[in-house]
Amino acid sequence: MKFFIDTANLDQIKEAQELGVLDGVTTNPSLMAKEGITGKDNIYKHYKKICDIVDGDVSAEVISTDFEGMVKEGEELAELHEQIIVKVPMIKEGIKAIKYFSDNGIKTNCTLVFSAGQALLAAKAGATYVSPFIGRLDDISTDGLNLIAEIRLIYDNYGFETEILAASVRHTMHVLECAKIGADVMTGPLSSIEGLLKHPLTDIGLEKFLADYKKGNQ
Ligand code: E4P
């Protein structure tokens, strides 16, 4: 399972990278705005900075909603750095753009996916990644994890190569459950990854080991 971090904050990206288990980064226009990154030039520079920190894929989202605009923007984004994955919304024009990018060797992440039907369409169009937003479904009393399971079943039935990128992950149990279901990737906050570290018996055990060592080595 690949671990992506869902942020545009460079310090958090560095911290996750230093942990040694980071496979990529996802961003979106809201995350860029949260970091105060505005204006096309600054936004593009920021994507390059992120690519310089991480070794893996970096999703950069198009703002256009028409086919021509998405293609122009996506080609510009893909030119920025070889690690850039063009993030395209799950709308009719987006599907056309994903098909175009797929035919032209540009990798994509189909975002804002909330149903298995949408995920099927993204795979048919040749998306590299599909991003079902599990946290936002949970927020409206709908089982986000069940959507991951449905998409896994459909993709396995037909051998689709599109990777399931569980997005809108909010906490560590989301990560674990996605791993059990077989999501290829998860993207969430650093806390959702660091939560995997924690167990009180580890802390108690280490304290005892160190105390016993100290007793015998004074
Ligand atoms: C996915 O790529 C999105 O950036 C993200 O996971 C959305 O998460 P949120 O629902 O926590 O905003």
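**Close-up views of a predicted model**

Helix α11 is hardly covered, for the count of buried residues among its 17 residues is zero. A residue is termed buried if 20 or more other C-beta atoms lie within 10 Å of its own, exposed if 12 or fewer, and partly exposed in between, with C-beta atoms placed from the backbone. The model is predicted: local features need pLDDT of at least 70, side-chain atom pairs count only at pLDDT 80 or more, and totals for chains, interfaces and linings use all residues. Residues are numbered from 1 along each chain as its sequence is written.

**View 1. Helix α11, residues 200–216.** The end C-alpha atoms of α11 are 25 Å apart, which agrees with the 24 Å that its 17 residues should span at 1.5 Å a residue. The expected span is 1.5 Å times one less than the number of residues. Helices (H or I, at least four residues) and strands (E, at least two) are DSSP runs, numbered from the N terminus.

**View 2. Strand β4, residues 84–89, is largely enclosed by the rest of the structure, because six of its six residues are buried.** In a regular strand the side chains alternate between the two faces of the sheet. Here I84, V86 and V88 point one way from β4, while I85, K87 and P89 point the other way, and all are buried. K87 has 24 C-beta neighbours inside 10 Å and so counts as buried. An unreviewed UniProt entry lists K87 for "active site"; such annotations may be inferred rather than shown by experiment, and the positions are given in the numbering used here, with feature names shortened.

**View 3. Strand β4 pairs with β3 and with β5.** Two strands pair if DSSP finds at least two bridges between them. Strand β3 (residues 57–61) runs parallel to β4 and is joined to it by four bridges, with V58 opposite I84. Four bridges also link β4 to β5 (residues 108–113) in the parallel sense, and C110 in β5 is the bridge partner of V88. Helix α4 (residues 67–80) forms a right-handed β-α-β unit with β3 and β4, as helix α5 (residues 92–103) does with β4 and β5. Right-handed means that, with the strands pointing away from the viewer, the path from the first strand over the helix to the second runs clockwise.

**View 4. The shell around the ligand has two nonpolar, seven polar and two charged residues.** Its members include D6, T26, N28, T111, R136 and S168; a residue counts as near if its C-beta atom, placed from the backbone, lies within 6 Å. Ala, Val, Leu, Ile, Met, Phe, Trp, Tyr, Cys and Pro count as nonpolar, Asp, Glu, Lys and Arg as charged, and the others, Gly among them, as polar.

**View 5. L112 and S168 have positive phi values.** Most residues other than glycine have a negative phi. L112, in strand β5, has a phi of about 65° and is partly exposed, with 19 other C-beta atoms within 10 Å. S168, in the loop between β7 (163–166) and α9 (172–181), has a phi near 60° and counts as buried, with 20 C-beta neighbours inside 10 Å. The C-alpha atoms of S168 and L137 are separated by 9.0 Å, although these residues are 31 residues apart along the chain.
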